[in-house]
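Take a moment to look over the sequence and the fold. The paragraphs below walk through them step by step.

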Amino acid sequence: MINQINRLLAELDTLKANSQEELESLRVKYLSKKGEISSLMNDFRDVAVEEKKELGKMLNELKEKARNKINDLKESFENIISEDNVIDLTRTAYPYHVGTRHPLSIVRKEICDIFARLGFSIAEGPEVEDDWHVFSSLNFADDHPARDMQDTFFVMHGADILLRTHTSSVQTRVMEKTQPPIRIICPGRVYRNEAISYRAHCFFHQVEALYVDKNVSFADLRQTLMFFAKELFGQDTKIRLRPSYFPFTEPSAEMDISCNLCGGKGCPFCKHTGWVEILGCGMVHPNVLKNCGIDSNVYTGYALGMGIERITNLKYQVKDLRLFSENDVRFLKQFESAH
Ligand code: DAH
């Protein structure tokens with residue numbers, strides 16, 4: 001019997017299984033009720049008493065070893081992932097999903113990077129603001145419709161606490177605390193009391209730029225705009241300035257770029273005009289400089305502001321604004337390679 005046990009012990013060391021079936025037949029051979037070890041256990045009953053102690057111990061060790069061996073083989077099977085029984089040690093343990101940047105963040109970063117290359121630095125301000133920073137300091141007349149509850153979300157009645165309707169409020173925040181030269185770019189979220197539809201939302205995002213120094217002229221503004229448009233939409237892009245009105249700039253203008261879809265030939269996207277509007281701009285109104293404690297006889301400046309959603313639509317043709325805030329991963333995943 002000792003010989004048999006030793007033979008089986010040696011056999012166990014050399015066991016191999018190349019398929020689930022082979023493994024199962026090994027289990028049956030050694031560990032099942034009719035297996036070799038069970039039959040030794042049966043023979044054990046007839047063994048002389050003086051031998052029982054030693055043989056019993058050996059039999060238990062054999063059984064333990066057989067169990068461990070079969071388990072080891074089973075585990076190594078479960079680790080085998082490819083059909084050729086090769087274990088890919090470089091594979092991650094589970095599928096690893098990397099998040100993607102939001103399209104608005106991608107475009108905001110692109111805009112800020114272009115201005116950073118011109119020496120602008122980022123400035124931020126609060127979203128919950130007061131009337132002074134959003135309207136009064138920026139030369140809005142007392143009866144300007146933007147001050148109406150219809151357009152602006154008021155947080156506290158009578159106390160003039162409101163959600164900013166544009167990032168121009170950051171201009172005031174910075175000019176109040178800093179003397180020129182000032183060269184800032186201010187990205188941020190803004191709020192307006194609009195019914196939500198595919199083309200309007202009650203919150204959206206803007207980027208504002210402000211440059212105040214001695215001898216800043218409209219020509220500087222135009223040159224900056226041209227550089228910006230070409231960097232963002234490609235070197236063939238043309239710009240066009242149309243006179244406009246904003247209380248905080250004089251003169252004011254709106255800038256169009258040649259339609260980036262049809263290259264200016266005219267298409268449904270640009271309503272066959274060849275041009276699409278992208279931002280508002282102008283020379284900072286002397287009243288705004290005065291309101292912020294900057295001497296308007298010494299300094300001049302330009303400002304510009306644009307909606308990030310608008311630029312993103314132009315770059316990626318997102319037709320429905322609401323997609324930006326719905327967090328639908330099927331939409332967001334499409335921007336995986338854009339950053
Ligand atoms: N604040 C304006 C708006 O929300 C955008 C704007 C226009 C900003 C002209 C400017 C500017 O700085 O000069 O519509």
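How many bridges join strand β5 to strand β6? There are 10, between residues 182-191 of β5 and residues 203-213 of β6, and the two strands run antiparallel. Keep in mind that this is a predicted model: local features need pLDDT of at least 70, side-chain atom pairs count only at pLDDT 80 or more, and totals for chains, interfaces and linings use all residues. Residues are numbered from 1 along each chain as its sequence is written, and side-chain values use heavy atoms, with hydrogens and water left out. Helices (H or I, at least four residues) and strands (E, at least two) are DSSP runs, numbered from the N terminus. Two strands pair if DSSP finds at least two bridges between them.

Now widen the view to the sheet. Seven strands form an open sheet with mixed pairing, in the order β1-β5-β6-β10-β9-β8-β7. Contact means heavy atoms within 4.5 Å.

Go back to the β5 and β6 pair. Y191 has F203 in β6 as its bridge partner. The loop between β5 and β6 holds H201. H201 and Y191 are 10 residues apart in sequence, and their C-alpha atoms are 8.4 Å apart in space. Is H201 buried or exposed? H201 counts as buried, at 10% relative accessibility. Buried means under 20% relative accessible area, exposed over 50%, and partly exposed in between (1.4 Å probe, protein chains only). Leaving aside neighbours within four places in sequence, H201 is in contact with R192, E194, I196, L321, R322 and S325.

Next come the charged pairs. A salt bridge is a side-chain nitrogen of Lys or Arg within 4 Å of a carboxyl oxygen of Asp or Glu. The whole structure has 18 salt bridges. In one of them, K315 meets E110, with the closest N and O atoms 3.0 Å apart. K315 lies in helix α10 (residues 308-316) and E110 in helix α5, so the pair ties together parts that are 205 residues apart in sequence. K315 is partly exposed at 23%, and E110 is partly exposed at 26%.

Which residues are linked in a network of salt bridges? They are R240, R242, E254, D256 and E277. R242 is partly exposed, with a relative accessible area of 26%, whereas D256 is buried at 2%. R242 also forms a salt bridge with E277 (3.8 Å, N to O). E277 lies in strand β9, 35 residues from R242 in strand β7. At 35% relative accessibility, E277 is partly exposed.
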